Amino acid sequence: MDLNNYSALANATNLPDSQQFKFCTDPVAYETARPVMSFLRRTLAKVAFNASLVDQVKRHLFYQEKFRLALTPEDFRTSSILPAVAMRRDRTDFLHGVIGAITEAGELAEILDSFLVGTHADDKPMSELVNKTHVMEEVGDVMWYLPLIAKSCGFSLNEAAAANIRKLRARYPDGFNELAAQFRDLAVELEKLDEQPKG
Ligand SMILES: [Mg+2]
């Protein structure tokens, strides 16, 4: 499955324009959502901050930079539960891939945080409200780490994409709806993820 195919199939389970999110069209729903968005901003700041800490770990472990953050006695005490043997390449790729995806997602969190300040009511396309080149860069950065995770665990990104589409089709057989999003049959979804593709 190529990336364009995957995007089209994944988007088919997005909310259609005819059923816009309530807070887009209803001023009362929007007022109710505003404090939740403030909560989101507060949380995004923590996500971005923690992702920057994870980035320091990544730079130390993989790019030979000095680790400058303070370690606590707890870090030394709990380090004894980690494996004593040096890690193999698949382990280090998995570690690198996951912490890299987290740090790049943290950069997207920062972009979202800036976007949320004072621009909601602006009637302009997204490409004029955010720095498109910057967003594209971070999306590409996240995408750099995904094959690393997939390869380390022995699956391809094609397999992950196909499994995700099977899962979404099980969740939304008639297209996206809020009830199906809230009340998911996790057992059926798991079955679809594990299913071997036909043909
Ligand atoms: Mg980046």
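How many residues of domain 1 are in contact with how many residues of domain 2? The model is predicted, and in it 5 residues of domain 1 meet 4 residues of domain 2. Domain 1 comprises 25-77 + 85-154, and domain 2 comprises 155-199. On the side of domain 1 that touches domain 2, the residues divide into 4 nonpolar, 1 polar and no charged.

Now step back to the whole chain. The protein chain has 10 helices and 0 strands. Its pattern along the sequence is therefore α-α-α-α-α-α-α-α-α-α. The C-alpha atoms fill a box of roughly 55 × 50 × 30 Å along the principal axes. Of the 199 residues, 6% count as buried. Consider contacts between residues at least 6 apart in sequence: 72% of them join residues at least 24 apart.

Next, follow helix α3. This helix spans residues 27-63, and its partner α5 spans residues 89-116. The two pack at an angle of about 145°. Their axes are 7 Å apart. The crossing of α3 and α5 is left-handed. The residues of this contact divide into 15 nonpolar, 5 polar and 5 charged.

Which residues of α3 are buried? They are L44, A51 and K58. The buried residues of α3 pack against α5.

A kink of about 30° lies at R34.

Just after the helix, Q64 takes a positive phi of about 55°. Most residues other than glycine have a negative phi. Q64 is not a glycine, yet its phi is positive. Where does Q64 lie? It sits in the loop between α3 and α4, the latter being residues 73-78. Is Q64 buried or exposed? Q64 is exposed, because 7 other C-beta atoms lie within 10 Å, and a residue counts as exposed at 12 or fewer.

Notes
Residues are numbered from 1 along each chain as its sequence is written. This is a predicted model: local features need pLDDT of at least 70, side-chain atom pairs count only at pLDDT 80 or more; totals for chains, interfaces and linings use all residues. Axes are lines fitted to C-alpha atoms, for helices over the stretch in contact, and angles run from 0 to 180 degrees between N-to-C directions. Helices (H or I, at least four residues) and strands (E, at least two) are DSSP runs, numbered from the N terminus. A crossing is left-handed if the near helix is turned anticlockwise from the far one by less than a right angle, and right-handed if clockwise. Ala, Val, Leu, Ile, Met, Phe, Trp, Tyr, Cys and Pro count as nonpolar, Asp, Glu, Lys and Arg as charged, and the others, Gly among them, as polar. Domain bounds come from an automatic or database domain assignment. Two residues are in contact if their C-beta atoms, placed from the backbone, lie within 7 Å. The bend at a residue is the angle between axes fitted to the seven residues ending there and the seven starting there. A residue is buried if 20 or more other C-beta atoms lie within 10 Å of its own, exposed if 12 or fewer, and partly exposed in between; C-beta atoms are placed from the backbone.
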